[in-house]
Amino acid sequence: IRQFMTNKVYCQSSNSENSTSTQPESASQGGEQQGSQQVGGPKLAVFGGNGFVGSRVCQEAINMGMDVVSINRTGRPNNIKEQWIDNVTWVSADAFDVSNYESQLQGCTGAISTVGAFGSNEQMLKVNGEANMKAIAAAKEAGVPRFVFIGVHEYGLPDFVLNGYFQGKKNAENCLKDTYGD
């Protein structure tokens with residue numbers, strides 16, 4: 001997160017074990033909002049911030065003094081009882097309905113998507129791919145200068161094993177490259 005909020009973003013390609021550096025091109029409330037963030041640092045939007053990975057991203061960003069807004073389908077998680085959770089602005093919104101969260105992206109220094117799901121191939125392709133691509137496009141449209149996507153390493157499994165999961169993540173990764181550059 002520290003490197004992300006400075007001028008470099010490190011992305012892991014699903015087809016490579018090496019990291020690459022990406023320079024940013026430029027440096028009405030929606031959804032149901034819960035909590036208050038007003039920490040005073042750079043503002044970070046975390047898509048999927050109430051999940052396993054996303055909640056750790058939110059916690060680390062709060063610990064670093066950032067203002068954090070989590071955009072996810074269910075809002076504030078009920079299973080986390082730690083104090084840092086009160087410093088996050090929790091927005092209940094579907095990634096596909098940009099009008100419910102676009103105002104939350106205003107003034108963000110960066111955005112991170114930790115969105116991912118398992119299910120049928122169709123569902124995994126939609127959530128892991130299309131939902132992430134919608135978030136990427138919305139952040140770019142709002143002028144967010146940096147975006148990090150949490151991808152997955154491709155292990156060379158047979159096509160019938162989690163194909164929608166891997167293909168969805170790959171589609172989102174390609175969208176990120178096309179939208180924000182290498």
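This is a predicted model: local features need pLDDT of at least 70, side-chain atom pairs count only at pLDDT 80 or more; totals for chains, interfaces and linings use all residues.
Let me begin with helix α4, where Met124, Asn128, Gly129, Ala131, Asn132, Ala135, Ile136, Ala138 and Ala139 are buried, buried meaning under 20% relative accessible area, exposed over 50% and partly exposed in between, with a 1.4 Å probe and protein chains only. Helices here are DSSP runs of H or I with at least four residues, strands are runs of E with at least two, and both are numbered from the N terminus.

Residues are numbered from 1 along each chain as its sequence is written, and side-chain values use heavy atoms, with hydrogens and water left out.

On confidence, pLDDT being the predictor's confidence in each residue from 0 to 100, the protein chain averages 82, and 77% of the residues score at least 70. Over residues 5–30, however, the pLDDT is below 50, although this stretch has 67 contacts in the model beyond near neighbours in sequence, a contact meaning heavy atoms within 4.5 Å.

Back to α4: what do its buried residues pack against? They pack against β4 (43–47), α3 (102–105), β7 (108–113), β8 (147–149) and α5 (163–180). Just after α4, Gly143 takes a positive phi of about 85°.

Within this helix, which covers residues 121–141, sits Glu130, which counts as partly exposed because its relative accessibility is 40%. Leaving aside residues up to four places away in sequence, Glu130 touches Phe96 and Leu125, and its C-alpha atom is separated by 9.6 Å from that of Cys175, 45 residues apart along the chain.

For Leu162, in the loop between β8 and α5, the phi is positive at about 55° although Leu162 is not a glycine, and at 33% relative accessibility this residue counts as partly exposed.

Finally, Ser55 in helix α2 (residues 52–63) is buried, with a relative accessible area of 3%, and touches Gly49, Ile80 and Trp84, not counting residues up to four places away in sequence.
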